[in-house]
Amino acid sequence: MRNSNPRLRVGIVILAAFILLGGILPFFSPEDPRAWIRHPRNLPPSAEHLLGTTNLGQDTFWLLSYATQNSLFIGVFVAFFATLIGVFAGLAAGFLGGVPDRIITLFADVFIVVPSLPILILMSSLLQGRASLVLISIILILFNWPWPARQMRSIALSMRERQFVNTARFSGSGTFTILAEEIAPHIFSWAMANFVNTVLVAIATESGLAVIGLSSLEEATLGTMIYWALQHQALLGQRWWWIGSPVVAIIVLFICLFLLSTGIANLSAERRGHGDA
Amino acid sequence: MQFAKFVVTRIIAYILVIWIGITVVFFVPRFMPSDPVEAMLGRIMTRGAYMEAEQVEAMRATLTQAFGLEGTLAEQYFGFFQRTFVTREFGPSLSMFPTPVNELIGRALPWTLALLLSSTIIAWIVGNAIGLLAGYKSRWISSRTLEIIAIFVYPIPYYITALILIILFIHINPIFPLFFSVQGEAWSWEFVSSAVYNSVLPALSIVIVGFGWWVLSMKALSSSISEEDFVYFAKLKGAGEGRIMTAYVLRNAILPQVTVLALQIGAIFNGALITEILFSYPGLGTMTYNAVLQADYNLLMGTITISIIAVATSTLIIDLLYPFFDPRIRQR
């Protein structure tokens with residue numbers, strides 16, 4: 001990796017900070033950050049409370065760290081399965097062709113156009129705030145597999161005609177070997193970029209649902225933090241630390257993920273440019 | 001021939017999108033772990049409404065009918081479609097009884113369409129114009145600065161932009177009103193001006209996010225097209241800068257942007273729903289939200305069904321506009 005990819009480097013540095021905040025720090029939390037009235041309410045930031053306390057008497061910093069963990073979990077869970085399903089559906093469509101291709105393409109196109117949020121709202125309203133994070137993630141997977149599937153299909157279509165695939169086939173390799181040894185390396189970096197991008201989309205959708213109080217209210221995510229802050233009039237009360245912490249965290253996290261996904265895409269484009277030629 | 005085939009495939013896709021969307025809406029309440037009728041009854045009771053035993057029974061019957069839970073699954077399914085498309089009747093609103101749901105949606109839909117259309121069109125045109133300039137003149141410092149700004153703006157979701165605008169322009173600098181309120185008779189000057197004044201921030205939050213994406217994608221497209229042989233030839237031929245930019249680069253770069261716009265309508269609509277709720281803008285989003293809060297199932301089913309039809313229809317309209325940008329489909 002040369003120094004020509006500043007996006008990737010900046011993205012990795014910020015991501016490391018978020019993994020520290022959401023992946024490691026929650027295990028060292030001195031208390032359950034969700035519990036109310038642990039501390040005096042609405043304190044400004046101090047050495048004891050790095051980001052102050054909320055109107056509910058929670059420590060904003062530990063709550064943020066805990067919320068980051070849940071948001072990252074949703075993002076990674078959804079992105080992993082959506083990318084996996086998308087890649088296989090897309091490859092199947094591209095390589096099989098014919099009727100399977102038409103059916104997969106049709107479903108992918110339909111799920112891209114149907115607006116997901118109204119359906120999520122309908123679901124959460126029936127579950128009355130008791131929707132578990134896993135259930136919400138499963139619905140998000142349903143709406144996020146079509147993007148990688150479409151892309152994968154077009155990659156598969158172009159691959160099918162490439163020289164090196166034919167060479168492998170004529171030298172006696174089976175379909176699976178061709179997939180694993182010749183094609184997988186080509187799609188891996190692309191799937192990585194898509195994975196990171198889906199993490200972003202999944203966290204964004206869950207937080208959106210959460211901001212209006214329709215995600216799981218028993219858990220803390222970056223979105224539900226904003227919801228509670230809005231519900232308790234953090235804006236009118238000018239409690240900027242409370243509402244500001246999750247907002248800034250979301251902005252920085254999303255810019256980081258966007259830099260990562262475009263950085264990975266650039267990197268693989270560069271490699272292709274230098275490698276295959 | 002090509003044109004007819006194009007139109008037919010798009011219309012088939014349109015019908016399928018609505019069919020599958022409505023089918024998902026039909027099955028969601030049926031796959032829930034809890035009985036939706038009992039859940040709704042529970043919510044109505046906890047809101048403090050006192051009801052006699054026979055009133056509860058009547059309510060249960062009304063809800064069962066509203067959910068379309070009478071008869072076999074197949075009967076329910078056909079009944080659901082008949083109600084959606086033939087009679088177009090979602091029944092009375094439960095929270096604003098006895099106003100029909102259709103009337104409430106009829107009031108909210110124009111607001112949503114106005115907000116969504118104006119902000120999407122502004123973001124698309126301005127974003128693509130700037131992206132074109134930045135891609136064609138990619139060596140300019142201002143082009144690079146602009147791309148960096150777009151990178152930082154694009155990944156931020158709609159509701160975060162909305163929250164930041166609310167914090168900056170309603171709470172810190174109270175330039176815009178805290179509550180959405182429109183004064184005056186319909187279509188009087190006072191009405192129009194107060195509606196526009198109240199809609200500036202919601203629209204701006206949608207424009208800012210969309211803008212980032214169009215700038216980034218258009219810049220990538222136009223800078224690669226600018227290096228094509230036919231653009232080089234046009235330069236040698238002595239065509240003017242403006243003409244090269246519009247007739248050579250723009251005409252080719254705009255095609256994928258129209259396709260992407262059609263694919264993005266659903267996502268833009270999702271974003272606009274939450275933006276509406278945060279600004280309490282009187283559109284479909286806020287109405288859906290109130291329906292959820294007040295357990296108004298008839299209204300909720302109505303707004304969600306209309307949302308799906310509205311998004312599918314806008315996608316179809318953009319798809320059908322495509323031939324106006326692409327002469328290859330139009331002329332054959």
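In this predicted model, helix α1 (residues 6–24) of chain A packs against helix α2 (residues 60–96) of chain A at an angle of about 100°, and the two axes lie 7 Å apart. The angle makes α1(A) roughly perpendicular to α2(A), because angles of 65 to 115 degrees are assigned to that class.

**Contact of α1(A) with α2(A)**
- Helix α1(A) contributes A:Phe18, A:Leu21, A:Gly22 and A:Gly23 to the contact, while α2(A) contributes A:Ser65, A:Thr68, A:Gln69 and A:Leu72.
- Sorted by class, this contact of α1(A) with α2(A) has 3 nonpolar, 5 polar and no charged residues.

**Helix α3 of chain A**
- Helix α3 (residues 98–113) of chain A has 16 residues, which at 1.5 Å a residue should span 22 Å.
- The buried residues of α3(A) are A:Ile104, A:Ala108, A:Phe111, A:Ile112 and A:Val113.

**Where chain A meets chain B**
- In chain A, 33 residues are in contact with 42 residues of chain B.
- On the side of chain A that touches chain B, at least two residues come from each of α3, α4 (116–127), α8 (175–211) and α10 (240–275).
- Helix α4(A) gives the most to this side, with 10 residues.
- By class, the side of chain A that touches chain B has 27 nonpolar, 5 polar and 1 charged residues.

**A loop residue of chain B**
- B:Ser280 is placed in the loop between α10 (241–279) and α11 (284–293) of chain B.
- Although B:Ser280 is not a glycine, its phi is positive, at about 40°.
- B:Ser280 counts as partly exposed because it has 17 C-beta neighbours inside 10 Å.

Technical notes: Residues numbered from 1 in each chain as written. Chains lettered and ligands numbered in written order. Predicted model: local features only at pLDDT ≥ 70, side-chain atom pairs only at ≥ 80, totals over all residues. Helix = DSSP H or I, 4+ residues; strand = E, 2+ residues; numbered from the N terminus. Expected span 1.5 Å × (residues − 1). Buried ≥ 20, exposed ≤ 12 C-beta atoms within 10 Å, placed from the backbone. Axes fitted to C-alpha atoms, helices over the stretch in contact; angles between N-to-C directions. Parallel < 35°, antiparallel > 145°, perpendicular 65-115°, else oblique. Contact = placed C-beta atoms within 7 Å. Nonpolar A, V, L, I, M, F, W, Y, C, P; charged D, E, K, R; others polar.
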